[in-house]
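Colleague: I have a multi-chain model open and would like to learn how to read its interfaces. Could you walk me through it?

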Number of protein chains: 8
Amino acid sequence: MAERPTGAGFDEIASLDQIAQLDLGRADRRGYPEAVFCEGKTADQVARIAAALAAQPQVSLFTRVRLEHVAAISSVLPDAAYDSEARLVAWPPEPPPSTGGPVLVLAAGTSDLPVAREALLTARYLGRDSDLVVDVGVAGLHRILAQVPRLRTAKAIVVAAGMDGALPSVVAGLVSAPVVAVPTSVGYGAAFEGLAALLTMLNACAPGVAVVNIDNGYGAGHLAAQIAAP
Amino acid sequence: MAERPTGAGFDEIASLDQIAQLDLGRADRRGYPEAVFCEGKTADQVARIAAALAAQPQVSLFTRVRLEHVAAISSVLPDAAYDSEARLVAWPPEPPPSTGGPVLVLAAGTSDLPVAREALLTARYLGRDSDLVVDVGVAGLHRILAQVPRLRTAKAIVVAAGMDGALPSVVAGLVSAPVVAVPTSVGYGAAFEGLAALLTMLNACAPGVAVVNIDNGYGAGHLAAQIAAP
Amino acid sequence: MAERPTGAGFDEIASLDQIAQLDLGRADRRGYPEAVFCEGKTADQVARIAAALAAQPQVSLFTRVRLEHVAAISSVLPDAAYDSEARLVAWPPEPPPSTGGPVLVLAAGTSDLPVAREALLTARYLGRDSDLVVDVGVAGLHRILAQVPRLRTAKAIVVAAGMDGALPSVVAGLVSAPVVAVPTSVGYGAAFEGLAALLTMLNACAPGVAVVNIDNGYGAGHLAAQIAAP
Amino acid sequence: MAERPTGAGFDEIASLDQIAQLDLGRADRRGYPEAVFCEGKTADQVARIAAALAAQPQVSLFTRVRLEHVAAISSVLPDAAYDSEARLVAWPPEPPPSTGGPVLVLAAGTSDLPVAREALLTARYLGRDSDLVVDVGVAGLHRILAQVPRLRTAKAIVVAAGMDGALPSVVAGLVSAPVVAVPTSVGYGAAFEGLAALLTMLNACAPGVAVVNIDNGYGAGHLAAQIAAP
Amino acid sequence: MAERPTGAGFDEIASLDQIAQLDLGRADRRGYPEAVFCEGKTADQVARIAAALAAQPQVSLFTRVRLEHVAAISSVLPDAAYDSEARLVAWPPEPPPSTGGPVLVLAAGTSDLPVAREALLTARYLGRDSDLVVDVGVAGLHRILAQVPRLRTAKAIVVAAGMDGALPSVVAGLVSAPVVAVPTSVGYGAAFEGLAALLTMLNACAPGVAVVNIDNGYGAGHLAAQIAAP
Amino acid sequence: MAERPTGAGFDEIASLDQIAQLDLGRADRRGYPEAVFCEGKTADQVARIAAALAAQPQVSLFTRVRLEHVAAISSVLPDAAYDSEARLVAWPPEPPPSTGGPVLVLAAGTSDLPVAREALLTARYLGRDSDLVVDVGVAGLHRILAQVPRLRTAKAIVVAAGMDGALPSVVAGLVSAPVVAVPTSVGYGAAFEGLAALLTMLNACAPGVAVVNIDNGYGAGHLAAQIAAP
Amino acid sequence: MAERPTGAGFDEIASLDQIAQLDLGRADRRGYPEAVFCEGKTADQVARIAAALAAQPQVSLFTRVRLEHVAAISSVLPDAAYDSEARLVAWPPEPPPSTGGPVLVLAAGTSDLPVAREALLTARYLGRDSDLVVDVGVAGLHRILAQVPRLRTAKAIVVAAGMDGALPSVVAGLVSAPVVAVPTSVGYGAAFEGLAALLTMLNACAPGVAVVNIDNGYGAGHLAAQIAAP
Amino acid sequence: MAERPTGAGFDEIASLDQIAQLDLGRADRRGYPEAVFCEGKTADQVARIAAALAAQPQVSLFTRVRLEHVAAISSVLPDAAYDSEARLVAWPPEPPPSTGGPVLVLAAGTSDLPVAREALLTARYLGRDSDLVVDVGVAGLHRILAQVPRLRTAKAIVVAAGMDGALPSVVAGLVSAPVVAVPTSVGYGAAFEGLAALLTMLNACAPGVAVVNIDNGYGAGHLAAQIAAP
């Protein structure tokens, strides 16, 4: 049995148009380039998209890559930079010069690092000066209290936290900048893959908490970059 | 049409046995007397139960009372004490002398007071020295930090919190005593009537948090009294 | 039966300390004053808090007021301003002079007006120039497209939408400023009191969407004011 | 230990009757032939069913096939057509001549292609002229607006979308034909495997949206074929 | 305290523009006029909208009206027709002449009548010949089987069902026309206000079932009218 | 504005056929007569149905009646029997002579009585010898253990329980007869209106537990009557 | 590092008592022997339990076995019978002679066969005459209608169905025997792994449906055996 | 493409500070040392943390280890003790001398053993005399009744149970000590990975039940150790 036989009910998939329409005007329209969400795309699809992006000068981010995606991108954009923890590929490899205010990314625990790094690198590649502080969860409150002066220098703060997701409420109560809260799927049982942390953050008793989707480090970094824009 | 006509398919309800079997042995077996959960009972049913309890010497608590329950109890036990905020009736009106260690009850916000008071009074009527601190939520962290020395004197700490339910994690990280966390239905939207706070507490990143049902001030006070028992 | 008999297990509630601890330092610490969430508080509790706030010079907002709260506040702060649609009371009645960038509030439908107005007024009382556009839902796309030039002048955009909650995705794809998305409980059936709109917004296919709790107009306005701060 | 020993409590499974009752009258009764849902069936069961279908002249569709199902069908119907992206096998391989009105299938993003192609091919094998447009999600609204003239020529429009699932609302607001909305499990976190998109579509603020199950490309194509029937 | 004092932070609401933007072009663009969803609107808002609609010749439907809405509409459009069971107001009172194919509406039980009638009247006012059959649930299968000849004459069939929501699966298996399934909130306990019926319908084992929101009789009638359009 | 004006888009509702189709053949087909579920029906609809039932000799049960339903039935069937706790009306008032085996109904707590009595009376009116035991929840295990000899005489046992819903597991482990478990909405917070008890019963660690819908005393009694049929 | 070093904090697991307490009295107490639920048990644990059961004469069922469990049981009870579809092992291999009434098991679709066979074999090994009918789902109603005479001969009917789970409602409406409804996890998307079918069955509009847990073929067969007991 | 190329947007991860901040003061502050939650951490991260802990004298627990974690810890702390069932590593291998009261751990079924052993070993390594009783679920009530004298000697009782989660209610009704209830994910279908047991325990009809997260044996053992502290 031939797969997708010509002349029958099945189309040939031959051109980029049949799988994607790149939104190259987005940088003009919104000020930020499009990113390629790789989950659910085949390596072949990602390679075609990478080839199209190679022909234009914008910063390109590929998010949630698997190893086969990395190989596919690499075959087209061999100097692209890859961060295995954040599952992110960036091209060109050098981030642009920093503009706007500083972004600070907090990871409540070590297990929140992948999401936190995705936020960190996204903000940096969108042009913000960005830094990361790890393992400052509320179970040992002295750790976040020691960071208060540094927290107050940021124009936007990203907080990645799983389990009880309590850190954004605490941080938002200490600063005037907006807090971008990104729940992570860290935890088990009644954490319900990040749902518990998500609900905590939506119900933060301190105002000033901007919530994004579970494990959405890219979205958190993008939002922080917008908030801290010049 | 006669309601419940005799001789038909309908029984007369004539005696206490047909509506309840009091567990008067519970104080012997468990060390704590039974409480009467009034929600879902008619005033008449509560009155019959109160009459049966009047004949024995144990502390009797009636929880989640409505005004018609209060009137019904009062007609049988005229000296019973009633707290409208906690929706609790106690008889005899004087709590027993304190034994065991101190119990401290925290209310994260003013709106958590009804649940917190139900816990406070339950612990007190079960024989513990009990005290209450109000409005120490994590949005203004200095308020709970100012209580640390006092927190460390308690043998059991009850924390009532709605919305993000973040306070128990923070408190448990500061003390060695168990924290009894009681989520409240305070909040709206994605608070889902206390579900958000419940999940937060079940996922507390600090160990030592004992969770009870949403708005279950009675259960929280009872558990705290057991933990702080002599 | 006396309510809360002295000398028994019940405390007298006599002072403000026993119901709330005002966070008067919040304006210094965060740059924004505390608001009083009135749902779940008695009129008496709100009156005591209003009296305490009258003694200090900050802008005070009372949110989610019922008529009995309005009367209670009015007895203490007779010149306070009240908006019945937003269920908001502000004191002093004049908002402060505008600083920072403009905030634009969109209501997807007429039924989203209460939440949208709560956001509008909150941003205005926190010092931002704020404006409102109504009934620009995606079912008639020409309505939001006609607003694009105006959308692009805002430093922060609040979008209140119920039912499918699709408007924030569309708006975020058209502008560079962050979009604060506030799901409303408008709708029925599988809208699940705003849950559907909440999930839509958390999964917005355009980055740059900051989600707050269902019906949380206050939080949306506060976050927008922070984003558009000078 | 013998598997299913004869003479014990275990039956021999020997004939097609013991695993399936083909509904060969369905084409007469309903006008459309039965499809074979392969998920949860063994390759052996699918082969037996294919053999029975080979003896009759109707169009046969096998949906949600895995590779072992393809091999099993191929051994019985060697000229069947297979589309690996749609996970669909059709026999006979040529679709019938087109009747009725045109069906247009939209995929909001590249990752929605498998579901969109399942809808496309189903409609085509049920006798409709069907076409596919890809990557027209609402984050870049110009892409769908450019398709409006084409949208208005369709008798039925299928829209496959994951994440926020906002595209059907937008499309339904632009055309008079019914929109068949099929939520996909594309996304992560609070997408809850397609639940978010499903709820969005059920709450579409524009009427005229017919919702089918998550990832149900077959059902969407079938419904569109019925709507566009002659 | 003056409500919305002029000169303070509160706007006067003076014109229709500030509460709604009527989509009067919808009939041109889509072929069907806009309906006014009255739930969540004040009587005053509905009256203003009715006044604006009075000035143009299209059929106007007001859905989910309460008695105060009826009075408000009546003051502006005194000859409007009102159906108390469907909670629907139509103006002008005479439906347009029928075009297209017949629509048949089924109510599984007596309690599903309000939703079924909303669908019936919507389809009729959008120009379809529409009829209603009541109490044909699957618990007594002979009732629906007796209707099969009539079912087969319809161009579109609406099925309103609560509780187990099983009727659409059965009907879709008997006919070639699409079935528009509208789950109702009839039932209790694990019916979860229509969720059980909704899930049943989304998982209908017979293809050809188009699902709309719980209790959305208007949407069901609209969709049926589109399917049966000339 | 006339309600349902003749000659417009609105039908007159004039006959029983337009609101219900009585399944009078059910007693022949199934051996048990149909019951009338009154929730969601108007008093007028119930009266018409009662009038139709008056003309035939079967036992008729009206479930989930409100006071207006009782009055409506009473006007047609003045000798009908009414149980206010079970919210049940039966006609003729005398239950039929008992056949089959005995049915025993257990109520875990006093608040479960309404559901338990609905089950009790249903079984009795369907011809079974039925009895009730109250307040035998697992918190005081001696109460149910004292009933073991009696439990073992029943041919079917109904257990109504809310909150933790643990009683059916315990009872099923003690007897050989099937246990019909009916979760009640008694409880609060994480009882989620009976969901917790429902899940407990579905996961009973002892086999032999037949679960029905939350608060479905009628269904429980009916099922028990079938199990204990001669 | 030695696993579980003696003399440290880790116990040796040496005897059956430390992993299980066989309930050998259950056949006396309940009339049915205990079954061994193998999911979550190691092969070694199952082997120890099998060895203990070998020493006594009751029928032993091992449910939800994986291949390693089969091997482990086989090493102890080499003549045990194994059904790979039902994932069931029985010993002794011959079922007991039939007593009581006949049990009929229906599978709505082919994919429901594993659950249906588990029910069939359980009922047979507990001593009932049991038979199986496959693929009689409601999408082709003639298939179940053709079985009505056979359905009416059964003392208990088990119905296994996934997806919409509509078959039990239809069957219960046709017979006087109780219907044991077992939802299966067959389906996808909004089937939510059997939840949709479970809810459908709990809300069956025909009384007489006894629901068990999703995929619980063992429980369904056990309950049917009890209902059809002599 | 180099992973994390220097000089680009990617940081070197070089020191422990960049992945974790050990809370070595926790033993002083709380009286109990920190544990290392290994799920979601890489083997390399765990090894670095283990190396840091080797330099200080406290008891260290590593929870939820996979085999690669065990190897990593072993390379740094070669005499650490490992329990494969509890997935726990402890160092130093000898638990401290017992203080405080006895802790008793109950496993409702054999499949609950992993969680029960995690609780047992945690309590033992935190300094309590701890013991384990297995397979005392409520389906065979005589098993738990036989343990009553032993239950009454414990200062704290941990109950691990999946499926219906009914055991804690029963145990709490028999003793005066607090019961720490830990739901397990044992079960299938409507057990919803432990959710059913969790809800049961939160709704325990006997007071005195302290609930922790699903499968949280560590948390249960920790809480029991606190309750039974000297």
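Predicted model: local features only at pLDDT ≥ 70, side-chain atom pairs only at ≥ 80, totals over all residues.

Colleague: How many residues of chain D are in contact with chain C?

Modeller: Contact means heavy atoms within 4.5 Å. By that rule, 22 residues of chain D touch 22 residues of chain C.

Colleague: What area is buried between chain D and chain C?

Modeller: Buried area is the accessible area (1.4 Å probe) that two parts lose on being put together, summed over both. Here it is about 1900 Å², with 72% from carbon and sulfur atoms. The side of chain D that touches chain C divides into 17 nonpolar residues, four polar and one charged. In this scheme Ala, Val, Leu, Ile, Met, Phe, Trp, Tyr, Cys and Pro are nonpolar, Asp, Glu, Lys and Arg are charged, and the others, Gly among them, are polar.

Colleague: Which elements give two or more residues to that side of chain D?

Modeller: Helices (H or I, at least four residues) and strands (E, at least two) are DSSP runs, numbered from the N terminus. The elements in question are α7 (167–172) and α8 (195–202) of chain D. The largest share, four residues, comes from α8(D).

Colleague: What rotation superposes chain D on chain C?

Modeller: Copies are superposed by least squares on the C-alpha atoms of residues with pLDDT of at least 70 in both. A rotation of 180° with 0.0 Å of shift along its axis does it, at RMSD 0.0 Å. That is the relation of a two-fold axis. D:A166 is the residue of chain D that comes closest to the axis, at 2.7 Å (C-alpha). The copies meet through the same surface, because 100% of the interface residues of chain D are also interface residues in chain C.

Colleague: And how many salt bridges does the rule find between chain B and chain F?

Modeller: A salt bridge is a side-chain nitrogen of Lys or Arg within 4 Å of a carboxyl oxygen of Asp or Glu. The rule finds zero between chain B and chain F, although the side of chain B that touches chain F has 11 charged residues, besides 13 nonpolar and eight polar. In this interface 32 residues of chain B contact 38 residues of chain F, burying about 2600 Å², 50% of it on carbon and sulfur atoms.

Colleague: Is E:D112 buried or exposed?

Modeller: Buried means under 20% relative accessible area, exposed over 50%, partly exposed in between (1.4 Å probe, protein chains only). E:D112 is buried, at 4%. E:D112 sits in the loop between β5 (103–107) and α4 (113–125) of chain E. Beyond its neighbours within four places in sequence, its contacts include E:A160, E:G162 and E:T184.

Colleague: How many residues of helix α8 of chain H are buried?

Modeller: Seven of the eight residues in α8 (195–202) of chain H are buried, so this helix is mostly covered. Among them are H:A196, H:L199 and H:L202.

Technical notes: Residues numbered from 1 in each chain as written. Chains lettered and ligands numbered in written order. Heavy atoms only, no water.
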